Amino acid sequence: MGTAATAIPQAGRSSRSRRRTLTIVGFLLPTVVLLVAVLAIPILWSIGLSFTEWNILTGRDLSFVGLQNYLDMFADDDFLASLKLTLVITAASLAFQFVVGFGTALALAREFRGRGTLTTLLALPMMIAPVVASLQWKWLLSLEYGLVNWALQVLGLSSRAWLSDPATVVQSLIMVDVWHSAPFVMLFLLAGLQSLPTDLYEAASLDGASSWRQLISVTLPMLTPVILVVMIYRSIFTFRMFDQIYVLTGGGPASMTETIAFFAYKAAFQDWTVGYGAAIAVVMLMILVLIGVAYLAVLKTEAMLD
Amino acid sequence: MSWRLERSITSGIAAVVLLLVSVYALVPVVWTILTSLKPVKDILAMPPVLMFIPTLENYQEAFFKGGFDRAFVNSVVVAAGSMVLTIVAGSLAAYALARFRFRGSGLLAYVILMTRMFPPISAALPMFIFFQRLGLVDTYLGLIAAHTTFTLPFVVWMMRGFFLSIPYSLEEAAMVDGCSYLGALRHVSVPLAAPGLAATSIFAVIGSWNDFFFAMILSRSSTSTLPVTVNGFLLEHGVLWGQINAAATVMMVPIIVFTLLMQRNLVKGLVVGGVKG
C-alpha cells in the first residue's frame, strides 16, 4: 500500500487549503505541545544544568562551571568503570538475546498444534515489569530459599550467592536481562522468518542442501536486515537498564554493578550533585542518539521506512 | 542423510529448545504465583514445597497492612489517565502524519520515533526540579505527564502505522458525502483501525503500569504506584517474601490477561507499529 494512495493531496483552492492547514495544526498540536513540555524542555534544561554546579538541597549556590563536569567525568574512575560495565553487559546480553531469541524463533517456525499459544506464553517475560521480573529472580536466586540453588544442589552442583558474589553477579544480571528481552527478539525474528519466500528453500532442497546449510546460506542472509534492526533497537534499552540494577543489587556488591543509568541516578538523587548527574545524563543521551541514528540509517537502507 | 531422518532430527532439536526456553521463561512466573499462595512456613521451607494448602494470607497482609490497596488504585488511575491522554492526542497526531503529506511530516515522524531513545533520567531530573517548584511532586497529574514521555511517541508511531495500512479511498468517499476531516476520522478511520487502537491502548496501559523510574522519583506517599510500593516493601521489611510475591502476582496478572487476550495482535501490533514503518 503505497503512501501516495494514502495521502490527502494538496488542495487547489485557498479556503480548502487553509482548512487543511488548520486541521493539520489542530491534530498535531496536543502531541507537539505535550512532547515539547515533557521531553524537549526537560532535556534542554538538563543540558544547561550539566554546565553548572548546584547545591539543590539548599537551592542556592548555583554556579556556572562550563565543561568542568564533563572533565571530571572522564577523570572519574568510578564513571569509567560504570561505562565499561554497561558496555560489557550490553554486548553480552545482546549476544544471548540473539541466540535465545533466534533459536526459539527457529524452533517455532514450523506449524504445530498450540504454536500460537506457546508463542504468546513465551512472550510473557517481556511484558512483565522489569521491577517485577527482578523481584521474581531475586527470590529464585536467593541463597537459602531460592529454587535455582535447590535445583543445583539436587544436580550435585554447589549453590552460590548469585547476586552478592562478585564472581557471579554480572552474569546473573545479564541472565535476567536476557529473560526479559529475548522474547521481543523472538517475536520479530519469527515474524521475519514467516515472511521469507519459500521458493528459495525449495530450490535449495532440490539442490540437496541440508537444513543447516539452508539456515546459513539462505535464512541468515535474508534475515540480516531484520536482525540488525531488532538488535540495535534492543541495545538502546539494555544500555539504559536501571530497574534491574536498583532492585537486584542496588549497584553492589561494593558498587561494582553500577551501570551508567544507575550511576547517573546516584549522582543526581543520592549524592545530590545534580550538575554532575545531568552531565552524565547528557553523555548517555549522546550515546543513545548515536545508536538511534544508526537504527534509522539501517531502517532507511533496508527500505523499512516509508 | 535421508530427508525424513533429517526432518526428525530438526524437529527433535526444536522440541528440546522449546522445552528449555519454556522452563526459562515460565518457571519464574509460575513460581511467583505459587509462592504467593503458600502459607509463610511453606515459603521458607527447604527443599521447596510443591504440595501445600493455598492461602490468601499473603495478599491480605500486603493489601491491608502493606498499603498495596492504595498503590493499586494509584497505578490504575495513572495508567488510565496516561492512556486516555496519549491515545487521544497520539491518534490525532498519527492521523495527521499518516494522511497529510506536508513539508516536514516525515521529519517530524522520525523525530518522534527518536524520542524513544532518550534516557529517562535526562527528562526525570529536570522534571523533579520543576515539579518541586510547582508542587507537582506526588500528584497524579505530574506522574501522568511524566508517563507521557514514553507512551505518547509510542502511540503516535504505532497508530501511524495502522492508519497507513488503511486505504484512503474509504475516507475519501466519506468526505465526498460531506464529512469533515474530523468526521471522516471518527466514522471511517477509527472503526477500521479499532483493533490497532485496542492493541496500542493496551501497550500504553502496560507501559504506564510497569513504570518504576518516574514513579519512584516523582511520587511520594499519596500517589506511589505498585512498582514503587512493591520495591519499597523489599527494602524495609527484608524478607517478607510471601507478601512480595503476592504483590508481584497482582502486578503480573493484568499483564498476563492482556497479553493472552492480545495474542493474535501481539506481533501484528509490534511489527506494524514498532519496527517496520
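This is a short tour of the structure, stop by stop, with something to select at each one.

**Before you start**

You are looking at a predicted model, where local features need pLDDT of at least 70 and side-chain atom pairs count only at pLDDT 80 or more, while totals for chains, interfaces and linings use all residues. Residues are numbered from 1 along each chain as its sequence is written, chains are lettered from A and ligands numbered from 1 in the order in which they are written, and side-chain values use heavy atoms, with hydrogens and water left out.

**Stop 1: chain B as a whole**

You will find 13 helices and zero strands; helices (H or I, at least four residues) and strands (E, at least two) are DSSP runs, numbered from the N terminus. The C-alpha trace of chain B spans about 75 × 70 × 35 Å along its principal axes.

Now switch to a surface. The accessible surface of chain B is about 11600 Å², and 72% of this belongs to carbon and sulfur atoms; such areas come from the Shrake-Rupley method with a 1.4 Å probe, and for residues only the protein chains shown count as cover. Chain B has 277 residues, of which 57% count as buried. Here buried means under 20% relative accessible area, exposed over 50%, and partly exposed in between (1.4 Å probe, protein chains only).

**Stop 2: where chain A meets chain B**

Bring chain A back into view. Contact (heavy atoms within 4.5 Å) links 99 residues of chain A with 106 residues of chain B. Between them the two chains bury about 9500 Å², 77% of it on carbon and sulfur atoms. That buried area is the accessible area (1.4 Å probe) that two parts lose on being put together, summed over both.

Which helix of chain A gives the most to the side that touches chain B? Select residues 14-49 of chain A: this is helix α2, which gives 18 residues. The whole chain A side divides into 74 nonpolar, 16 polar and nine charged residues. In this grouping Ala, Val, Leu, Ile, Met, Phe, Trp, Tyr, Cys and Pro are nonpolar, Asp, Glu, Lys and Arg are charged, and the others, Gly among them, are polar.

**Stop 3: salt bridges**

How many salt bridges does the rule find across the interface of chain A and chain B? The count there is zero, although over all chains it comes to five. The rule asks for a side-chain nitrogen of Lys or Arg within 4 Å of a carboxyl oxygen of Asp or Glu.

Select B:Arg99 and B:Glu171 for one of them, with the closest N and O atoms 2.7 Å apart. B:Arg99 lies in helix α4 (residues 68-99) of chain B and B:Glu171 in helix α8 (residues 169-176), so this pair ties together parts that are 72 residues apart in sequence. B:Arg99 is buried at 0% relative accessible area, and B:Glu171 is buried at 0% too.

Is each one buried or exposed? B:Asp42 is buried at 12% relative accessibility, whereas B:Lys41 is exposed at 64%.

Over in chain A, A:Lys266 pairs with A:Glu258 at 2.9 Å between the closest N and O atoms. A:Glu258 is buried, at 6%.

**Last stop: B:Phe100**

Select B:Phe100, in the loop between α4 and α5 (105-114) of chain B. B:Phe100 is buried, with 0% relative accessibility.
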